[in-house]
Amino acid sequence: MSPSRDSKRPVRVAGASGGFTDRARAIASLAQDPDVDAIVGDWLSENVMTGYGVGKVKALKAGADKNQPLEERMKTAQYASTFLQCFKPAIPHLAKTGAKLAVNAGASDTELLAEVCKKLVKDAGFDLKVAWVEGDDVTEAFRSLAAKGEKFPSLIDGKSIKDWGFEPISAQCYLGSLGIAEALRQGADIVICGRVSDAAPTIGISAWWHGWGPENFDELAGALIAGHLIECSAFITGGYYSGFKELRKQGKHLNLGFPIAEVDSKGEVTIVKEKNTGGLVSVDTVVSQLVYEISGPLYYNSDVVAHLTDVEITQVGDDQVHVSGIKGSAPPPTTRVGITAHGGYQAEFHFYLAGLDIEEKCAWMEEQARHSIGNEIIKKFSLLEFQLHGTSIVNAPSLEIATVDFRIIAQTPDPELLNPNIPDGFSRCIMETVLQSCPGVSRSNDLRQTSPKPYFEYFVTLIPQNVCNHRVHCLFDTNQIIDMGSPKITKAYPSQQLSHDCQNPIPLSSFGETVLAPLGYIVLGRSGDKAANCNIGFFVRRDDEYDWLRSFLTISKMKELLGPIDYTGNAIDRFEIPKIRVVHFLLHNHLDRGYNACSKLDTLGKNDCEYIRAKLVEIPKKFLDRGRV
């Protein structure tokens with residue numbers, strides 16, 4: 001498809017993947033819809049980029065050679081292999097309808113994946129043009145700047161890279177979208193990227209379609225939010241939706257449709273979904289995704305900064321929601337970069353307990369384990385935690401419901417301390433306490449986690465955009481290589497975003513009689529991770545409920561609801577989006593170093609919102625009388 005046929009109408013961009021485990025049918029299904037102009041997909045996240053980056057470095061050290069046959073290079077490939085499971089069956093449909101495809105599945109082997117895609121297209125008997133985008137690997141530029149004294153303060157806690165305590169292995173930055181737009185202008189049908197921003201494919205396609213330049217900030221910002229909304233596929237059509245019972249009640253809870261963003265020439269977007277599928281597109285599902293994994297009122301990107309405070313979201317039809325009010329400003333001169341290092345080794349045990357006196361049983365097990373391991377070995381651990389998960393209720397209807405998980409997790413730089421075959425190591429010391437331990441203790445039958453596994457540390461900071469070798473490689477015609485450079489107009493932004501409690505609170509007593517009930521009876525929301533930070537966005541459906549929510553849910557109230565165990569003592573930011581009735585929080589450094597090294601069970605912060613929604617609070621009775629979520 002070409003924008004030249006009708007550049008005034010919106011471009012219809014379908015979101016086919018929110019991660020490497022998404023449904024394999026997606027690209028083929030969406031490519032069969034003649035009304036879909038382009039398809040995008042996200043196969044990467046910070047939790048998998050570390051593995052790809054380290055794998056690439058290992059492959060290079062082992063002598064990986066670009067001159068080897070393609071099949072040989074594929075054996076050590078560091079791209080998202082599950083993308084090919086989605087791509088191969090879609091080739092004939094992409095060729096028939098002309099839908100463009102732009103994805104970030106290249107990871108640390110973007111060029112190789114582009115070559116593989118080109119071969120698959122040729123072998124299938126088609127002539128689709130493939131391009132790839134270079135520049136996200138900034139390992140050498142990072143090392144050079146660090147050697148010259150660049151401090152690289154952490155976006156999580158402000159500490160310098162020198163104070164991190166780990167040896168960097170690789171550095172991968174977030175590229176913008178204009179390389180994708182340029183590839184499409186040159187005639188590419190398929191654009192393979194590495195670590196571009198999650199929304200970059202949607203922005204790039206929209207910029208190409210509508211002819212936007214790098215200074216169309218309002219339009220680019222609107223496309224940025226469109227890309228943000230569809231980047232996690234079914235998250236916006238009912239996945240992770242705290243009002244999920246509505247889906248089940250309507251029989252729409254299976255085969256949730258993939259989303260489609262209709263981006264117009266002003267950057268406004270209407271969200272719809274794949275035809276003849278489950279799920280729904282409503283104001284609530286769109287707001288749920290808007291507040292997911294944001295950090296504040298400004299949404300930073302390499303091409304533009306989107307201002308969220310005045311966003312409006314309106315239902316305009318069945319499974320049709322319009323998003324407007326987004327304003328844009330110049331991008332920062334820097335972009336987000338993730339530094340990967342080898343953190344050490346980890347092992348863990350899981351024991352199952354039930355019945356009375358659970359806390360005392362776990363305390364006894366911890367004391368026995370510490371005594372068995374001994375202080376000399378414990379000093380060599382960088383982390384040793386004893387965690388009780390679950391509650392054993394009295395008079396439970398079944399043993400399974402009454403069973404809790406007692407988890408013992410250790411991390412250390414020395415894998416030998418975790419070797420299960422040595423008599424004085426962590427594993428043997430834990431195991432030898434079992435027969436002298438509390439009544440009913442039962443260990444997991446699967447002991448694979450008790451052996452040492454490597455884990456990675458991830459350091460998030462900023463790097464100048466002008467050191468990113470942002471180039472487009474066209475694997476067709478004359479094999480042109482186009483240097484994209486960096487943004488010519490930029491703006492510096494403060495490191496701390498605007499944060500405040502309610503500025504004109506309404507006395508809670510004015511809402512009348514209250515009833516003690518779970519917050520989630522009237523409040524919806526969603527939470528997620530940004531490295532070690534956790535964000536939680538809460539929203540309600542009515543104006544009077546919002547007046548109560550914004551007055552009630554202060555920073556101090558959030559600390560209270562988290563409780564003494566889950567509140568880390570770190571900073572909490574808060575801001576409001578009034579027109580969509582949102583109160584949003586950013587919990588700094590809440591996730592113990594982030595996914596790769598995190599000692600929590602929920603390493604991605606997905607459950608934090610649901611945990612808070614289940615807290616008992618005094619809710620105005622008149623709200624509850626309307627019915628619960």
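This is a predicted model: local features need pLDDT of at least 70, side-chain atom pairs count only at pLDDT 80 or more; totals for chains, interfaces and linings use all residues.

User: Is I161 buried or exposed, and which residues does I161 touch?

Analyst: Buried means under 20% relative accessible area, exposed over 50%, and partly exposed in between, with a 1.4 Å probe and protein chains only. I161 has 8% relative accessibility and therefore counts as buried. Contact means heavy atoms within 4.5 Å; leaving out residues up to four places away in sequence, I161 touches F142, E150, K151, F152 and F459. For K151, the C-alpha to C-alpha separation from I161 is 6.2 Å, across 10 residues in sequence.

User: Which class does L508 fall into, and what does L508 touch?

Analyst: L508 is in the loop between β20 (481-483) and β21 (514-518), and because its relative accessibility is 37%, L508 counts as partly exposed. Not counting residues up to four places away in sequence, L508 touches W548, S551 and F552.

User: What about R73 and P564, which sit in helices?

Analyst: R73 belongs to helix α3 (residues 70-74) and counts as buried because its relative accessibility is 15%. Leaving aside neighbours within four places in sequence, R73 is in contact with D65, K66, Q68, L112 and E115. P564 belongs to helix α18 (residues 555-566), and at 84% relative accessibility P564 counts as exposed.

User: How many residues of helix α9 are buried, and what do they pack against?

Analyst: In helix α9 (residues 200-210), 11 of the 11 residues are buried, so the helix is largely enclosed by the rest of the structure. Among these buried residues are P201, I205, W208 and W209. The buried residues of α9 pack against the strands β1 (11-15), β2 (38-41), β3 (100-103) and β7 (259-263), and against the helices α8 (178-185) and α10. Just after α9, G211 takes a positive phi of about 75 degrees.

User: How should I describe two helices that meet, and at what angle do α10 and α12 cross?

Analyst: Two packed helices are described by the angle between their axes and the distance between the axes. Axes here are lines fitted to C-alpha atoms, for helices over the stretch in contact, and angles run from 0 to 180 degrees between N-to-C directions. The axes of α10 (residues 217-230) and α12 (residues 283-290) come within 8 Å and cross at roughly 100 degrees. That makes α10 roughly perpendicular to α12, on a scale where angles under 35 degrees count as roughly parallel, over 145 as roughly antiparallel, 65 to 115 as roughly perpendicular and the rest as oblique. I225, H228 and L229 in α10 meet V286, Q289 and L290 in α12.

User: What covers the buried residues of α12?

Analyst: Seven of the eight residues of α12 are buried, so α12 is largely enclosed by the rest of the structure. The cover over these buried residues includes α10, β11 (312-317), β12 (320-324), β22 (524-530), β23 (533-539) and β25 (582-587).

User: What volume does the largest pocket have, and which residues lie nearest its centre?

Analyst: Rolling a probe the size of a water molecule over the atoms shows where empty space is left. On a 1 Å grid over the protein atoms alone, a cavity is a set of points where a 1.4 Å probe fits but cannot get out, and a pocket is an open set with protein on both sides within 12 Å along at least five of seven lines; lining residues have an atom within 4 Å of a point. Grid points are joined across faces, edges and corners, and a volume is the space filled by probe spheres set on the points. The largest pocket has a volume of about 1000 Å³ and is lined by 37 residues, of which L155, S295, Y300, R336 and L462 lie nearest its centre. The elements that give two or more residues to this lining are β9 (298-300), β14 (334-353) and β18 (453-464).

User: And which residues line the largest cavity?

Analyst: The count comes to three cavities of 30 Å³ or more, and the largest cavity has a volume of about 40 Å³. The largest cavity is lined by G15, A16, S17, V40, G41, D42, D198, P201, I230 and E231.

Methods: Residues are numbered from 1 along each chain as its sequence is written. Side-chain values use heavy atoms; hydrogens and water are left out. Helices (H or I, at least four residues) and strands (E, at least two) are DSSP runs, numbered from the N terminus.
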